[in-house]
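Let's take a walk around a protein model together. Have the structure open and click along as you read.

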Amino acid sequence: MKKSTFPQSGIPLFGILFIIILSGIIMAQEKQLAWDLYNSYESFKEKSLENRRFKYSDIVPLIEQLQNKNIFKVDKVGKSIEGRDIYLISLGTGKTKVFLWSQMHGDEPTATAALFDIFNLFLDDNAYPELKKFLLSNLSIYIIPMVNPDGAEVFQRRNIVEIDLNRDVVRLQTPEAKILKNVFDSLKADFGFNLHDQGRDYSAGSSFNPASISFLAPSPDYEKSLTAPREKAMKLIGNMVNVLNEFIPGHIAKYSDDYEPRAFGDNFTKWGTGVVLLESGGWRGDREKQFLRKINYIAILSALSSIASNSYVNTDLSIYESIPHNEKFMMDFILRNLILKRDGKEYIIDIGINFEEVNFNGARDCYLKASIEDLGDLSVYSGYDEIDLSGYIIEPGKTKPEAYNSLDDLEKIIPVELYNQGYTNVLLIDGEFSGEYSNLPFNIIVGGKNELNGLIKPDAAANFIIRKNDEVKYVVVNGFLIDIEKVNDWSGNTIVYRK
Ligand SMILES: [Zn+2]
């Protein structure tokens with residue numbers, strides 16, 4: 001479905017050349033703006049939002065301070081099931097309407113934080129005055145920063161009655177979906193930004209890179225028709241990709257364009273808005289996605305600038321078409337080329353481990369729980385972290401059969417002695433001991449029941465003893481690698497199992 005950027009007739013060659021040169025100059029300017037935003041980001045980053053687990057109560061004071069500034073209009077547009085006001089923030093007086101909404105899935109907050117960084121940019125009178133004047137005179141911008149505050153409260157995808165808002169645009173059973181639909185209907189915006197997070201397991205095509213940002217111009221129907229609003233969104237995405245390639249080349253992917261008749265983006269496209277789905281995925285060394293938050297900040301501001309100047313119109317559709325698809329070739333940690341012994345035979349295996357985040361402290365924090373995702377030849381997968389252990393022998397970490405009486409006793413354990421006996425788990429009798437995880441470098445089983453079956457197989461816990469020449473060199477406890485020479489440098493968490 002490739003279309004020429006230029007009309008087939010009527011423009012002489014020098015006119016076409018002029019447009020190409022002009023497009024190049026504009027793109028260079030847009031990249032320069034993006035770099036300026038990148039370099040000055042720390043001045044505008046909302047420091048009170050430090051990680052992904054902020055709550056509604058953290059953003060309400062930030063929204064209230066916007067009311068003191070004339071350029072913002074703050075409206076309450078309805079309440080969530082648990083009674084939290086949902087806010088719509090408006091700015092600008094231009095004729096092109098842009099509607100952005102974030103966190104309809106409660107545990108997808110990366111773009112939300114970026115929106116507050118963008119508000120800070122607008123709050124600072126001295127920052128980018130020309131850019132802001134340009135945006136505010138050409139655009140009317142409408143933002144719902146947290147569509148699903150009840151889900152955010154417990155850091156879960158769905159709302160508080162377990163309905164996925166992004167499957168409720170037709171049936172409209174939830175107040176949150178109704179609010180989003182009502183605002184959409186009242187605006188009939190030219191552009192919509194549907195802001196989400198996606199799993200860390202997505203890769204950009206079959207590359208060994210995470211899909212750090214994935215885009216989609218959603219389909220308006222099962223035929224995936226290229227309607228005018230969709231084409232507009234594709235061109236805008238192409239423009240955003242050109243800019244983001246300055247910062248995250250090879251880490252951009254495209255979400256599946258299969259039509260989902262119950263989803264907002266698909267229906268909003270059908271109803272005439274050019275919708276950009278933006279999904280923040282993973283980035284190596286950035287589990288809290290603070291770098292991707294910064295990339296969101298740049299992506300959204302660049303897109304607004306491109307809409308205001310109309311520059312996206314000259315972006316060739318081939319850029320959108322050539323974005324690699326989202327694939328699932330990422331794992332959190334891969335151990336390569338280990339020797340597994342079974343019944344006197346040896347097998348060379350890779351082991352892939354993924355971490356699940358388990359909420360605690362009212363979903364303010366999480367600890368990590370590892371399991372084996374897969375084993376065997378994992379050469380098509382890439383790990384956020386990897387280690388080559390060629391020549392090393394792996395065996396499952398066992399549970400020491402003699403139980404300990406108290407936490408004090410556990411703290412006296414010398415980990416290396418435990419590992420040398422093949423153990424990564426200990427038994428604890430103390431029924432008073434509470435907590436679901438520990439920072440000791442071994443798992444704790446409270447109450448005497450051994451949940452850990454000690455097998456290396458998919459879905460099993462990831463606890464291993466790794467030897468070379470009969471000496472323990474590494475252990476893996478709850479998916480965390482420990483170099484036996486540097487046990488004290490270890491930072492991570494293990495699991496407390498109980499009946
Ligand atoms: Zn989502």
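Predicted model: local features only at pLDDT ≥ 70, side-chain atom pairs only at ≥ 80, totals over all residues.

- What about the geometry of the site?
- For comparison, the ideal angle for four tetrahedral donors is 109.5 degrees.

**The largest pocket**

- The largest pocket has a volume of about 690 Å³.
- It is lined by 25 residues, and the closest to its centre are D107, G199, R200, F355 and E357.
- Two strands, β11 (330-342) and β12 (345-360), each bring at least two residues to this lining, and β12 gives the most, with five.
- What kinds of residues line the largest pocket? There are 14 charged, seven nonpolar and four polar ones.

**The cavities**

- Searching the whole structure turns up three cavities of 30 Å³ or more.
- The largest cavity holds about 40 Å³ of space.
- Its lining is made up of L91, L100, L115, I118, F119, F122, I141, I143, I300 and L304.
- If you want to find it on screen, look for α3 (110-123), β4 (139-144) and α9 (290-309), which each supply at least two lining residues.
- Of these, α3 has the largest share, with four residues.
- By class, the lining of the largest cavity has 10 nonpolar residues, with no polar and no charged ones.

**Salt bridges**

- How many salt bridges does a search of the whole structure find? The count is 34.
- One of them joins E260 and R167, with the closest N and O atoms 3.8 Å apart.
- That pair links distant parts of the chain: E260 is in the loop between β8 (252-254) and α8 (264-270), and R167 is in the loop between α5 (149-153) and α6 (175-187), 93 residues apart.
- Is E260 buried or exposed? Its relative accessible area is 17%, so E260 is buried, whereas R167 is partly exposed at 30%.
- Next, the side chains of E395 and R467 meet in a salt bridge, at 3.0 Å from N to O.
- E395 belongs to strand β15 (residues 393-396) and R467 to strand β20 (residues 464-468), so the two tie together parts that are 72 residues apart in sequence.
- E395 counts as partly exposed because its relative accessibility is 23%, while R467 is buried at 17%.
- E346 and K341 also meet through their side chains in a salt bridge, at 3.9 Å from N to O.
- In that pair, E346 is exposed, with a relative accessible area of 53%, and K341 is partly exposed, with 46%.
- Finally, some salt bridges join up into a network that links R52, R53, R200, R287, E288, D332 and E357.

Key. Residues numbered from 1 in each chain as written. Heavy atoms only, no water. 1 Å grid on protein atoms, 1.4 Å probe; cavity = no way out; pocket = protein on both sides within 12 Å on 5 of 7 lines; lining within 4 Å. Points joined across faces, edges and corners; volume = space filled by probe spheres on them. Nonpolar A, V, L, I, M, F, W, Y, C, P; charged D, E, K, R; others polar. Salt bridge = Lys/Arg side-chain N within 4 Å of Asp/Glu carboxyl O. Buried < 20%, exposed > 50% of the residue type's maximum accessible area, 1.4 Å probe, protein only.
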